[in-house]
Amino acid sequence: MSQAVTANIADRTMGLAYAIAARHAIKPEFDRADALVDVGLSSLDLVNLMVAVEAEFDIMIPPASLTPKNFYSIETIARMVESVRGPGA
């Protein structure tokens with residue numbers, strides 16, 4: 001996939017993460033590579049982010065992809081979404 005597609009997915013995922021963080025009055029300033037747990041997202045927030053990502057990109061994340069490594073940061077989520085969507089998506 002192109003870097004433009006990756007950037008688009010990362011931007012959309014970042015928006016989802018900010019919306020979830022805003023529910024808890026967290027105002028994190030974070031980058032795509034930062035660990036989401038380090039910026040204040042709880043495990044429940046990450047589950048909510050997973051559900052939001054599935055809805056945003058109209059995908060079903062397979063159980064094998066539901067790993068802490070894939071939900072470490074916005075970048076890792078974007079790469080996982082690209083992988084789940086496959087080529088040509």
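What follows is a short briefing, starting with the overall picture and moving on to single residues.

This is a predicted model, where local features need pLDDT of at least 70, side-chain atom pairs count only at pLDDT 80 or more, and totals for chains, interfaces and linings use all residues. Residues are numbered from 1 along each chain as its sequence is written, and side-chain values use heavy atoms, with hydrogens and water left out.

**Overall build**

- You'll find 3 helices and 0 strands in this protein, and from the N terminus on, the elements go α-α-α.
- Those labels come from DSSP runs, numbered from the N terminus: helices are H or I with at least four residues, and strands are E with at least two.
- The radius of gyration is 12 Å, which agrees with the value near 12 Å for a compact globule of 89 residues. That radius is taken over C-alpha atoms, and the globule rule is 2.2 Å times the number of residues to the power 0.38.
- Along its principal axes, the C-alpha trace spans about 40 × 25 × 20 Å.

- Of the 89 residues, 39% are buried. Here buried means under 20% relative accessible area, exposed means over 50%, and partly exposed is in between (1.4 Å probe, protein chains only).
- Among contacts with a separation of 6 or more, 60% are between residues 24 or more positions apart. A contact means heavy atoms within 4.5 Å.

**Charges and salt bridges**

- The protein has 7 positive and 11 negative charges, and their mean positions are 2 Å apart. Lys and Arg count as positive, Asp and Glu as negative, while His and the chain ends are not counted. Each charge is placed at NZ of Lys, CZ of Arg, CG of Asp or CD of Glu.
- There are 2 salt bridges in the structure, a salt bridge being a side-chain nitrogen of Lys or Arg within 4 Å of a carboxyl oxygen of Asp or Glu.
- Arg-32 pairs up with Asp-11 in a salt bridge, with the closest N and O atoms 2.2 Å apart. Arg-32 sits in the loop between α1 (3-22) and α2, and Asp-11 is in helix α1, so this pair ties together parts 21 residues apart in sequence.
- Arg-32 is partly exposed at 29% relative accessible area, and Asp-11 is partly exposed too, at 46%.
- Glu-56 and Arg-12 form a salt bridge as well, at 2.9 Å from N to O. With Glu-56 in helix α2 and Arg-12 in helix α1, this pair links distant parts of the chain, 44 residues apart.
- Glu-56 is partly exposed at 34%, and Arg-12 is partly exposed at 31%.

- Met-50 is in helix α2 and counts as buried, because its relative accessibility is 18%.
- Which residues does Met-50 touch, not counting those up to four places away in sequence? They are Ile-61, Leu-66 and Phe-71.
- Met-50 and Ala-17 are 33 residues apart in sequence, and their C-alpha atoms are 9.8 Å apart in space.
- Val-47 also belongs to helix α2 (residues 43-57), and its relative accessible area of 43% makes it partly exposed.
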